[in-house]
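Try each one with the viewer open before you read the solution.

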Amino acid sequence: MELDLISVLWYIILIYVIVQLVRFIRADADLTLLWAESFGRKPDQLCGKVVWITGASSGIGEELAYQLAKTGASLILSARRENELHRVKQNCIEQSSLQEKDILVLPLDLNARGSHEAITKTAIEHFGKIDILLNNGGRSQRSLCLETGLDVYQALMELNYLGTVSLAKCVLPHLVERKRGQIVTISSVAGLAGVPLASGYSASKHALQGFFNSLRSELVDFPEITISSVCPGPVQSQITKHAFTGDLGKAVNSDTDQSHKMSTSRCVSLILVGMANNVKEMWISEQPFLLFNYMWQYTPTWAWWITDVLGQRRVKNFKAGMVCVQLNSTLQSVLIQECEKRVFREGGKVY
């Protein structure tokens with residue numbers, strides 16, 4: 001009888017392990033966040049909150065505005081492109097029950113840190129409070145370290161790190177005075193592990209992780225103020241299109257295929273779950289990127305090995321892509337020169 005009970009216990013353990021393994025294979029976020037999605041508070045708990053979103057003119061920030069509007073949250077939309085913010089505002093009104101007065105368009109340049117205090121005051125005066133600051137503004141990078149100027153690294157740290165910290169420091173005294181609220185920062189998996197071709201971007205996200213982790217530990221006397229970091233993997237957005245390259249004034253060569261990336265709507269729906277449940281750190285990635293996060297956390301030696309292998313392949317593909325672009329550019333120049341010669345020979349007539 002005793003042996004039968006032990007056998008049953010082992011079967012239960014085996015079934016549990018298999019179920020958890022299947023769950024993990026199908027997971028697109030860390031298990032804490034997925035548990036909150038299934039059993040925790042729903043995003044409609046954010047109804048009535050005043051949420052300030054930076055980088056709200058496109059990508060994740062734009063989708064955050066739409067989904068938060070549907071929950072009934074009042075919005076402050078910030079970015080540099082004011083016309084795009086008005087477009088997002090109009091879409092929010094059309095897709096939800098919000099009215100004109102419920103959404104404030106507040107243009108913001110994260111690099112203009114001297115203006116942040118006055119802009120924060122304007123935001124607070126408009127709604128009387130700020131419940132959640134959602135730091136989403138920033139830019140990515142696509143370039144090799146050896147080919148990247150120091151001014152690019154400076155620009156990344158100024159924008160992604162210091163700009164975000166500056167705004168958070170302006171809002172934080174208001175949250176402390178009210179003794180409640182949230183600061184949610186969109187970081188990246190690049191803030192947890194190094195990413196090839198994004199050394200400056202990764203450094204800025206590591207800096208944000210360090211800052212907000214430290215800030216969280218300083219706010220132990222304010223348990224109702226939540227500091228959350230969101231670490232998405234590849235998500236469909238325009239972040240690659242607007243990424244820094246090795247030269248400060250040079251744009252990326254072309255758009256990349258995004259079919260393999262997580263949809264923006266799914267990523268944002270998980271972020272709202274995390275916000276509603278005060279999750280302090282959210283890993284949002286489809287497999288195998290989610291697996292890498294866990295490996296970096298629990299088996300760093302294996303993670304380094306896999307990163308080296310994949311990093312070597314990514315750098316090789318990047319270099320090959322650059323060569324193709326250079327060849328295409330050279331070919332285009334030759335064709336233009338030949339056309340010009342022919343036009344000259346034919347007396348200005350083009351055939």
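**Exercise 1.** In this predicted model, find which residue of E6 stands opposite threonine 185.

*Solution.* Start at threonine 185 and look across to E6: the residue opposite is serine 229. Next, follow the two strands along. E5 and strand E6, residues 225-232, run parallel and are joined by six bridges.

**Exercise 2.** Work out the strand order of the open sheet, and name its edge strands.

*Solution.* Step one is to walk across the sheet. Its seven strands, paired in parallel, come in the order E3-E2-E1-E4-E5-E6-E7. Step two is to look for strands that pair on one side only; these are the edges, strand E3 (103-105) and strand E7 (281-284). Step three is the twist, which averages 15° from one strand to the next.

**Exercise 3.** Find the bridge partner of isoleucine 53 in E2, then decide whether the residues of E2 are buried or exposed.

*Solution.* Begin with the neighbouring strand: E1, residues 50-54, runs parallel to E2, and five bridges join the two. Isoleucine 53 has leucine 77 as its bridge partner in E2. Now check the side chains of E2. Ser74, Ile76 and Ser78 point one way, while Leu75 and Leu77 point the other way, and all are buried. Because five of the five residues of strand E2 (residues 74-78) are buried, the strand is largely enclosed by the rest of the structure.

**Exercise 4.** Describe the second largest pocket: its space, its lining and the kinds of residue found there.

*Solution.* First, the space: the second largest pocket holds about 290 Å³. Its lining is made of 14 residues, and those closest to the centre are Lys49, Gly181, Gln182, Glu224 and Asn278. Second, ask which elements contribute. Strand E5 (181-186) and helix H8 (264-276) each give at least two residues to the lining. Third, sort the lining by type: four residues are nonpolar, five are polar and five are charged.

**Exercise 5.** Classify cysteine 170 and cysteine 231 by relative accessibility, and say how many disulfides are counted.

*Solution.* The cut-off for buried is under 20% relative accessible area, with exposed being over 50%. Cysteine 170 has 22% relative accessibility, so cysteine 170 is partly exposed. Cysteine 231 has 0%, so cysteine 231 is buried. For the last step, recall that a disulfide is a covalent bond between the sulfur atoms of two cysteines. With sulfur atoms required to lie within 2.5 Å, the count of disulfides is zero.

Conventions:
Residues numbered from 1 in each chain as written. Predicted model: local features only at pLDDT ≥ 70, side-chain atom pairs only at ≥ 80, totals over all residues. Heavy atoms only, no water. Buried < 20%, exposed > 50% of the residue type's maximum accessible area, 1.4 Å probe, protein only. 1 Å grid on protein atoms, 1.4 Å probe; cavity = no way out; pocket = protein on both sides within 12 Å on 5 of 7 lines; lining within 4 Å. Points joined across faces, edges and corners; volume = space filled by probe spheres on them. Helix = DSSP H or I, 4+ residues; strand = E, 2+ residues; numbered from the N terminus. Nonpolar A, V, L, I, M, F, W, Y, C, P; charged D, E, K, R; others polar. Pairing = 2+ DSSP bridges. Axes fitted to C-alpha atoms, helices over the stretch in contact; angles between N-to-C directions.
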